[in-house]
Amino acid sequence: MAEVKKRLLMDKEAPNRSTKIVNGRSSNILNWDDVQFNWAYPKYKKMLGNFWTPFEINMSNDIKQFPQLTADEKQAFKKIIGLLALLDSIQTDYAGRIADYLTDSSLNALMIILAQQEVIHNHSYSYILSSLVSKDEQDEVFDFWRTEPVLEKRNDFVIKGYKQFAEEPTVEHMLDSIVYDVILEGLFFYSGFSFFYHLARNQKMVATSTMINYINRDEQLHVDLFVKIYKELLEEYPEYDTPERARKVEAIFREAAELEIEWGREVIGDKIDGLDSEDVEDYIYFYANVRCAQLGYERPFEGYRKNPMKWIKAYEDVDLGKTDFFEQRSRQYVKVNVQDNGFDEL
Ligand code: ZN
Ligand code: ZN
């Protein structure tokens, strides 16, 4: 199996623009006007344009509302935050690891920005919980990944895909790890997102949902970046672009969708008023199909071509730079420039 080699810190004889996506040569000097892929700079601009921090979001309304949620809503809220915290923590590290093997310095730069965004996502979970629950409860949520069996099973699945690449970096394992990445960033967040958007459309926990919106927006760019890397890898190593690989990817997506549905049943099920568990399941199948197709493969689930939760599109598609989405929907979004999260207003 073709090994992938780490990028050199400096190569005096190599061009600034890399010669291949992996195992190529590059001086490692970054000049955005002299990079291998023409999509890298537009992607960089978009990622920078997404910049946000949790400090900007005033939690005071959520602090007042949280005690009024039902016990099931509170439970789902905490479990989903616990899940997201694990995924974003792992993702920060994975981005750094894969970056070492990308020859072009611009792709390394994009991975560093991506990792920084994951750090901010993780920060937002601490920020949300420290506003809403006691320190003990917060610590408990950050341990759900090892104390909740269904969650553990689902996370082990992704980690397995990443670990293989980390321990034995080959082209095959790199391709596989990107499939797991697309599942992590493009599927495993989504039943969680739907829960928070459901609360928001009922005018509940709007500040938290605003952060989830920002995270969702970042993740869409991340998925697209990894899909591009996957396709360039196949372009350079066409011997891996086989029907066997297509079947393998499809099987991975099937397993992922089942795990996500099992998890969705546990945290959402029929416990959340107004959020239909069947819709959530269809939504998961729909997204599994979308992501598989993005990678260039057949959709694994027959049907499921349309988003079954139409109302969710307004939340998913938000682009804060171009629309006044939050004003339009009077989501009480308040941008603040203070170093607190609204405690003073209580
Ligand atoms: Zn993230
Ligand atoms: Zn991400």
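Asparagine 23 sits in the segment before α1 (40–49), where helices are DSSP runs of H or I with at least four residues, strands are runs of E with at least two, and both are numbered from the N terminus. The model is a predicted one, in which local features need pLDDT of at least 70, side-chain atom pairs count only at pLDDT 80 or more, and totals for chains, interfaces and linings use all residues. Residues are numbered from 1 along each chain as its sequence is written, chains are lettered from A and ligands numbered from 1 in the order in which they are written, and side-chain values use heavy atoms, with hydrogens and water left out.

Most residues other than glycine have a negative phi. Asparagine 23 counts as partly exposed because its relative accessibility is 26%; buried means under 20% relative accessible area, exposed over 50%, and partly exposed in between, with a 1.4 Å probe and protein chains only. Glutamine 203 also has a positive phi, near 60°, and lies in the loop between α9 (190–201) and α10 (206–236). With 35% relative accessibility, glutamine 203 is partly exposed.

Next comes the metal site. Donors are N, O and S atoms within 2.8 Å of the metal (3.2 Å for Na, K and Ca), and sites may look incomplete because water is not among the atoms. Histidine 121 in helix α4 (residues 105–132) and glutamate 219 in helix α10 are 98 residues apart, a pair linking distant parts of the chain. Histidine 121 is buried, at 0% relative accessibility, and glutamate 219 is buried at 0% as well. Glutamate 118 bridges the zinc ion (ligand 1) and the zinc ion (ligand 2), which lie 3.6 Å apart.

Turning to the whole chain, there are 14 helices and zero strands. Of its 346 residues, 55% count as buried.
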